Amino acid sequence: GPDGGPIVLRIAPISGFQGLMRVQDAVVQHPPVREATVEAYARGEARLRLQLAAPLEAEQLSSALARSLGLQARVESISDDERSIQVTLA
């Protein structure tokens, strides 16, 4: 939930800085996300740190990204220990 601290979102493939900005924008538009900070971007994979305003469902996030980006978005893995979600775009 929002009290559990930030969540790390790993998302790929992303082509270029403009693609990265579009993804960051799409993530922030999802209501449970209060802010999304790009922590790393290399070899087409971005790592974003999400501060939450409400509990986040990985599947709802991927659906929102798919709609916003006009791409397919698949949840590859969720780690409760690491508080991380991995999403693949296609």
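Which residue of E5 stands opposite Leu9? In this predicted model, the residue of E5 that faces Leu9 is Ile85.

## Sheet architecture

The strands form an open sheet of five members, arranged in the order E2-E3-E1-E5-E4 with mixed pairing. From one strand to the next, the twist averages 25 degrees.

## Pairing around strand E1

Strand E1 (residues 7-12) runs parallel to strand E5 (residues 84-89), and five bridges join the two. Within this pairing, Ala12 has Thr88 of E5 as its bridge partner, and Leu9 stands opposite Ile85.

E1 is also joined to E3, here in an antiparallel arrangement with five bridges. In this pairing Ile7 is placed opposite Leu50 of E3.

E2 and E3 are paired in the antiparallel sense, and eight bridges are found between them. Ala36 has Leu50 of E3 as its bridge partner; Leu50 also stands opposite Ile7. The two strands make a hairpin in which two residues lie between them, and Arg43 in the turn has a positive phi of about 50 degrees.

E4 and E5 run antiparallel and are joined by six bridges. Ile85 of E5 is the bridge partner of Ile78, and Ile85 also stands opposite Leu9. These strands too belong to a hairpin, with four residues between them, and Arg83 takes a positive phi near 50 degrees there.

## Faces of strand E3

For strand E3, the covered face carries Ala46, Leu48, Leu50 and Leu52. The uncovered face carries Glu45, Arg47, Arg49 and Gln51. Leu50, on the covered face, is the residue of E3 that is paired with Ala36.

## Helices on the sheet

Helix H1 lies across E1, E2, strand E3 (45-52) and E5, and its direction makes about 155 degrees with that of E2. Helix H2 also packs on the sheet, where it touches E1, E3, E4 and E5. The direction of H2 makes about 150 degrees with that of E4.

## Packing of H1 against H2

Helix H1 (residues 16-29) and helix H2 (residues 58-69) pack with their axes 9 Å apart and at an angle of about 125 degrees. The two helices are therefore oblique to each other. The crossing of H1 past H2 is right-handed.

On the H1 side, the contact is made by Arg22, Val23, Ala26, Val27 and Gln29. On the H2 side, it is made by Leu65, Ser68 and Leu69.

## Three serine residues

Ser62 is found in helix H2. Its relative accessible area is 4%, so Ser62 is buried. Apart from residues up to four places away in sequence, Ser62 touches Ala73 and Val75.

Ser84 belongs to strand E5. Ser84 counts as buried because its relative accessibility is 7%. Leaving aside neighbours within four places in sequence, Ser84 is in contact with Val8, Arg10, Ser77, Ile78 and Ser79.

Ser77 lies in strand E4. Its relative accessibility is 35%, and Ser77 therefore counts as partly exposed. Not counting residues up to four places away in sequence, Ser77 touches Ser84, Ile85 and Gln86. The C-alpha atoms of Ser77 and Glu39 are 19 Å apart in space, and these residues are separated by 38 residues in sequence.

Conventions. Residues numbered from 1 in each chain as written. Predicted model: local features only at pLDDT ≥ 70, side-chain atom pairs only at ≥ 80, totals over all residues. Heavy atoms only, no water. Axes fitted to C-alpha atoms, helices over the stretch in contact; angles between N-to-C directions. Parallel < 35°, antiparallel > 145°, perpendicular 65-115°, else oblique. Left-handed = near helix turned anticlockwise from the far one by under 90°. Contact = heavy atoms within 4.5 Å. Pairing = 2+ DSSP bridges. Buried < 20%, exposed > 50% of the residue type's maximum accessible area, 1.4 Å probe, protein only.
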